[in-house]
Amino acid sequence: MIKVGIVGGTGYTGVELLRLLALHPQVELAAITSRKEAGMRVADMFPNLRGHVDLAFSDPEQADLASCDVVFFATPNGIAMQQARELLAAGVRVIDLAADFRIKDLVVWSKWYGMEHACPELVEEAVYGLPEVNREQIKTARLIANPGCYPTAVQLGFLPLLAAGVADTSCLIADAKSGVSGAGRGASVRALFAESADSFAAYGASGHRHLPEISQGLAGFSGKNVNFTFVPHLTPLIRGIHATLYARVTHGVDIQALFEQRYQNEPFVDVMPAGSHPETRSVRGANTCRISWHRPQNGDMVVVLSVIDNLVKGAAGQAVQNMNIMFGFAESMGLELIGLLP
Ligand SMILES: NC(=O)C1=CN([C@@H]2O[C@H](COP(=O)(O)OP(=O)(O)OC[C@H]3O[C@@H](n4cnc5c(N)ncnc54)[C@H](OP(=O)(O)O)[C@@H]3O)[C@@H](O)[C@H]2O)C=CC1
Ligand SMILES: CC(=O)N[C@@H](CCC(=O)OP(=O)(O)O)C(=O)O
């Protein structure tokens, strides 16, 4: 058994971590923090956890995080980097669900996140927690940068094409749609029911902070710089990301075989039969990325469709997957979940 702490237990990714970890056979939940709700019983705020989580939220300043084996940060950007050095020095492994350690170029990171980095030396050490790419490094990592939700769906969709060198890297496009829980649980006008229901809009079309994270990953897969366009959209879903990806691909390549081979040993990537249209609801609540591809009019443009649950494979589920790999547990432990239809 390992002792686990969660900083930011009242947010959407925090409560999703609790849902998954409460039933994990190798986990003892030791500390769950919230500044605003310190003292409140977790199950009083989240009745779905009644009978499963018998702890109260503690103030992050008071919580005994140093005695944990691993601490998850389900906090806004810029929080984990304030505490990671101290925790690592105490022998605690850290998994950050925010973006503090995702981008290796600190100048780029500061530009997009609007702050100076508090521990640049740890950015170099941190392992980007996309198991389908970095499984070996994750096994021994002390510090994991858990990927963003859009970056997970987009990178897994492009990976087989770029790793095989069959896509034109001068024009890669991702048109991605997210459910409203992607914006977190903190009140914001755009997430209000009356603002987001029965409407659909792009945002950040001329620049979103996931652009540099995804570009960094795609360049790594292809071994060269890529020209990448990313347009996110807010949809009236609660959970889910649907990424529609466009790439010009060399003719004559068996793309179905390429995807099936790349993901044949991956427990959480499902390649559908050629010509399928994956639905976000098929992965709702599950740690699955479900993918299919199309070649419209048999031209050289390939369209990849990639869906995830932003809170599971896009955040908490992937973080638990990383924990399993780091501690030598079966990678699927606590994550054998099937999407919720309807
Ligand atoms: N929502 C999503 O789909 C995804 C989110 N992420 C990332 O995961 C992180 C968490 O997201 P999400 O759960 O949506 O966020 P929420 O806004 O829903 O929750 C944030 C949590 O952090 C706590 N918190 C806020 N400020 C601080 C602080 N200064 N110190 C300690 N705790 C703090 C809050 O509790 P309190 O204020 O009481 O302390 C709350 O529990 C973010 O970085 C987000 O970008 C990544 C992938 C997907
Ligand atoms: C719908 C929505 O607002 N989504 C968020 C991204 C999700 C997220 O939390 O970003 P990280 O993965 O970087 O942590 C946004 O566009 O800012």
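Colleague: How many helices and strands does the protein have?
Modeller: This is a predicted model, in which local features need pLDDT of at least 70 and side-chain atom pairs count only at pLDDT 80 or more, while totals for chains, interfaces and linings use all residues. Residues are numbered from 1 along each chain as its sequence is written, and chains are lettered from A and ligands numbered from 1 in the order in which they are written. Helices (H or I, at least four residues) and strands (E, at least two) are DSSP runs, numbered from the N terminus. Counted in this way, the protein has 11 helices and 13 strands.

Colleague: What is the radius of gyration of the protein, and what does the globule rule give for 342 residues?
Modeller: The radius of gyration is taken over C-alpha atoms, and the globule rule is 2.2 Å times the number of residues to the power 0.38. The two values are close, so the protein is as compact as a globular protein of that length.

Colleague: In what order do the 6 strands of the open sheet lie, and which stand at the edges?
Modeller: Two strands pair if DSSP finds at least two bridges between them, and in this sheet the pairing is parallel, with the order 2-1-3-4-6-5. Each edge strand has a single partner strand, so one side of each is left without a neighbour in the sheet. Those at the edges are strand 2 (27-33) and strand 5 (127-128).

Colleague: Over how many bridges do strand 1 and strand 3 pair, and which residue in strand 3 stands opposite Val-4?
Modeller: Strand 1 (residues 2-7) and strand 3 (residues 70-73) pair in the parallel sense, over 4 bridges. The residue opposite Val-4 is Val-70.

Colleague: In what order do the 7 strands of the other open sheet lie, and which stand at the edges?
Modeller: Here the pairing is mixed, and the order is 8-9-7-10-13-12-11. Within this sheet, strand 10 (residues 241-249) and strand 13 (residues 301-308) pair in the antiparallel sense over 8 bridges, with Leu-245 opposite Val-304. The edge strands each have a single partner, so one side of each lacks a neighbour in the sheet, and they are strand 8 and strand 11 (269-271).

Colleague: Which residues come nearest to ligand 1?
Modeller: A residue is near a molecule or strand if its C-beta atom, placed from the backbone, lies within 6 Å of it. The shell around ligand 1 draws at least three residues from each of domain 1 and domain 2, and its largest share, 3 residues, comes from helix 1. Of the 31 residues around ligand 1, those that come nearest are Gly-8, Gly-11, Ala-98, Gly-184 and Arg-185.

Colleague: How many nonpolar, polar and charged residues are in the shell around ligand 2?
Modeller: Ala, Val, Leu, Ile, Met, Phe, Trp, Tyr, Cys and Pro count as nonpolar, Asp, Glu, Lys and Arg as charged, and the others, Gly among them, as polar. The residues around ligand 2 include Ala-98, Cys-149, Ser-178 and His-210. The shell around ligand 2 divides into 6 nonpolar, 4 polar and no charged.

Conventions. Domain bounds come from an automatic or database domain assignment.
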